[in-house]
Amino acid sequence: MQATRVRPNGWEWLSWLYMRVSAVLLLGLVLGHLYIMHVINSTDTIDFAFVAQRFATPFWRVYDLLILVLALSHGLNGLRGIVNDYTRPGGGWRLVWNVGLWTVGLVFTLLGALVLFSFDPSAFARR
Ligand code: HEM
């Protein structure tokens with residue numbers, strides 16, 4: 001199988017760099033998430049009121065969106081690299097996989113952003 005060429009400053013080099021940068025960012029964000037949600041708080045205290053208070057300001061919504069976007073794009077881009085190892089450049093299977101990976105990425109990023117930014121605790125209180 002022909003290996004994918006990696007030119008400095010080319011798309012594949014940027015993708016390689018992105019895997020490292022997103023991994024470092026994810027490490028910090030995920031450790032912060034674990035500490036806050038599972039060390040100083042626990043599933044006994046995390047309820048609707050906890051989430052409503054957490055999402056009262058945009059900070060935690062943006063924090064959670066960053067984890068979603070970075071983890072999803074990191075995972076899908078890693079999978080794209082694996083697909084490149086097993087498919088021919090310019091071939092049909094590589095195209096099918098790329099369309100699938102981009103579709104999954106865009107749909108779940110939009111869904112996640114919609115959930116995070118449309119959450120309105122007062123809408124439930126009015127019921
Ligand atoms: C703190 C979280 C994470 C860290 C520190 C991390 C770190 C890394 C690093 C450094 C690489 C590059 C390895 C290489 O190219 O040799 C990598 C690749 C990869 N990561 Fe992550 N990762 C994290 C989370 C995730 C998550 C959440 C997923 C899946 C949703 C994921 C899926 C992948 C995949 C599929 C690859 C490509 C593996 C390959 O090329 O063989 N990672 N990760």
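Helix axes are lines fitted to C-alpha atoms over the stretch in contact, and angles run from 0 to 180 degrees between N-to-C directions. Helices are DSSP runs (H or I, at least four residues), numbered from the N terminus. The structure is a predicted model; local features need pLDDT of at least 70, side-chain atom pairs count only at pLDDT 80 or more, and totals for chains, interfaces and linings use all residues. Residues are numbered from 1 along each chain as its sequence is written, and side-chain values use heavy atoms, with hydrogens and water left out.

The axes of H1 and H3 come within 9 Å and cross at roughly 140°. That angle makes H1 oblique to H3; angles under 35 degrees count as roughly parallel, over 145 as roughly antiparallel, 65 to 115 as roughly perpendicular and the rest as oblique. The crossing of H1 and H3 is left-handed (the near helix is turned anticlockwise from the far one by less than a right angle). The contact of H1 with H3 has 15 nonpolar, 10 polar and 2 charged residues. Here Ala, Val, Leu, Ile, Met, Phe, Trp, Tyr, Cys and Pro count as nonpolar, Asp, Glu, Lys and Arg as charged, and the others, Gly among them, as polar.

H3 also packs with helix H4 (residues 92–118), at an angle of about 175° and with the axes 10 Å apart. H3 is therefore roughly antiparallel to H4. Their contact divides into 15 nonpolar, 6 polar and 4 charged residues.

The ligand shell (residues with a heavy atom within 4 Å) draws at least two residues each from H1 (11–39) and H3 (58–86). H3 gives the largest share, 6 residues. Met19, Arg20, Ala23, Leu26 and Leu27 are among the surrounding residues, as are Ala71, His74, Gly75, Gly78, Leu79 and Ile82. By class, the shell has 7 nonpolar, 3 polar and 1 charged residues.

His74 is placed in helix H3. Its NE2 atom is the only protein donor of the ligand's iron atom, at 2.1 Å. Donors are N, O and S atoms within 2.8 Å of the metal (3.2 Å for Na, K and Ca); water is not among the atoms, so sites may look incomplete. A polar side-chain atom of His74 also lies 2.8 Å from a nitrogen atom of the ligand. For Arg20, a polar side-chain atom lies 3.3 Å from a ligand oxygen atom.

Technical notes:
A polar contact is a pair of N or O atoms within 3.5 Å; within protein, one must be able to donate a hydrogen and the other to accept it, and residues adjacent in sequence count only if both atoms are side-chain atoms.
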